[in-house]
Amino acid sequence: MDCCVCTTMPLILRPPRNTICGACCEGARSIINMMKNLESEKAEAITNSNGSPVSRRNSSKTIDDCVRWFSEQIDMFNQQKEDLAFLRGFVAAFKAQIHTDILVSPGSHGPPIPAHKSVLAARSEIFKNMLECDECKAPPSNTITIPDLNHEELESLLEFLYSGALAEEKLEKHVYALSQAADKYVIPHLLKHCERHMLSSLSTSNALETLEIADTCSNYNLKETTLNFLVKNIEHMVSSPKFEAFVHRSPHLTVQLVTRAFANGAK
């Protein structure tokens with residue numbers, strides 16, 4: 001059937017041949033349904049946030065409505081990019097050490113890193129409490145120490161606190177240390193950032209380490225996904241040189257893994 005949407009020569013089609021094919025029809029329906037669902041979710045979120053019901057528009061939608069809606073979303077996205085670029089001005093202040101008022105020291109050898117108390121307190125309730133205690137004690141050095149991180153890891157942590165993002169190579173290198181720091185110092189955004197990275201890069205070479213981090217951080221979603229991945233690759237994993245070290249480090253996780261693999265095999 002000739003389709004007036006996906007044909008390469010739509011101008012030659014005339015009534016009653018100006019119809020659309022099944023694929024284009026389903027595609028149009030999917031776009032309209034997606035727009036309806038997103039609008040409903042947005043209205044529900046607004047209702048939950050302020051308690052007052054939001055008036056809903058006529059549920060009948062057309063492709064023109066979808067085009068206008070997508071245009072609005074693009075405008076919102078561009079505005080968010082501008083807002084993000086504006087907020088990341090804090091990164092410049094961090095890198096240039098403009099009006100810094102505290103030194104953050106790593107646990108191992110390495111120089112302290114100048115930072116801003118206000119940023120640390122805004123990003124983490126734990127840091128806020130630490131800084132309030134330090135103010136009461138009035139330490140002469142005006143320094144806090146993060147014993148869990150070395151200098152490079154600490155620098156990556158601070159960069160994330162200022163910008164809300166981190167270069168892929170830094171995240172790849174320090175994701176385990178950053179996950180533990182995010183859990184200990186209650187930085188949910190960083191914890192979620194690390195979780196997404198570990199899920200997207202999960203493989204037989206890093207699954208055991210990922211499982212340990214997920215267990216340490218009490219990350220149920222990451223732990224379940226990693227356990228299921230390991231069960232599927234159990235024959236390869238038990239013959240890996242890493243597995244023996246894993247058994248000694250984490251016997252409770254070994255029991256969970258073997259039990260799940262046995263139950264899965266029994267099914």
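**Cavity and helix packing in a predicted model**

Reader: How many cavities of 30 Å³ or more does a search of the whole structure find?

Author: The search finds one cavity of that size in this structure, which is a predicted model.

Reader: And how much space lies in the largest cavity?

Author: The largest cavity holds about 40 Å³ of space.

Reader: Which residues line the largest cavity?

Author: Its lining consists of S179, L191, C194, E195, M198, I213, A214, C217, N219 and L222. Two elements, α8 (188-200) and α9 (207-216), each give two or more residues to this lining.

Reader: Which element gives the most?

Author: Helix α8 does, with four residues in the lining of the largest cavity.

Reader: What is the make-up of that lining by class?

Author: The lining has seven nonpolar residues, two polar residues and one charged residue.

Reader: Turning to α9, at what angle do α9 and α12 pack?

Author: Helix α9 packs with α12 (residues 241-249) at an angle of about 15 degrees, and the two axes are 10 Å apart. Angles under 35 degrees count as roughly parallel, and α9 and α12 are therefore roughly parallel to each other.

Reader: Is the crossing of α9 and α12 left-handed or right-handed?

Author: The crossing of these two helices is left-handed.

Reader: Which residues make the contact?

Author: From α9, the contact involves L208, E209, L211 and E212. From α12, K242, F243, F246 and R249 take part.

Reader: And by class, what does the contact of α9 with α12 have?

Author: The contact has four nonpolar and four charged residues, with no polar residues.

Technical notes
Residues are numbered from 1 along each chain as its sequence is written. This is a predicted model: local features need pLDDT of at least 70, side-chain atom pairs count only at pLDDT 80 or more; totals for chains, interfaces and linings use all residues. Side-chain values use heavy atoms; hydrogens and water are left out. On a 1 Å grid over the protein atoms alone, a cavity is a set of points where a 1.4 Å probe fits but cannot get out, and a pocket is an open set with protein on both sides within 12 Å along at least five of seven lines; lining residues have an atom within 4 Å of a point. Grid points are joined across faces, edges and corners, and a volume is the space filled by probe spheres set on the points. Ala, Val, Leu, Ile, Met, Phe, Trp, Tyr, Cys and Pro count as nonpolar, Asp, Glu, Lys and Arg as charged, and the others, Gly among them, as polar. Axes are lines fitted to C-alpha atoms, for helices over the stretch in contact, and angles run from 0 to 180 degrees between N-to-C directions. Angles under 35 degrees count as roughly parallel, over 145 as roughly antiparallel, 65 to 115 as roughly perpendicular and the rest as oblique. A crossing is left-handed if the near helix is turned anticlockwise from the far one by less than a right angle, and right-handed if clockwise. Contact means heavy atoms within 4.5 Å.
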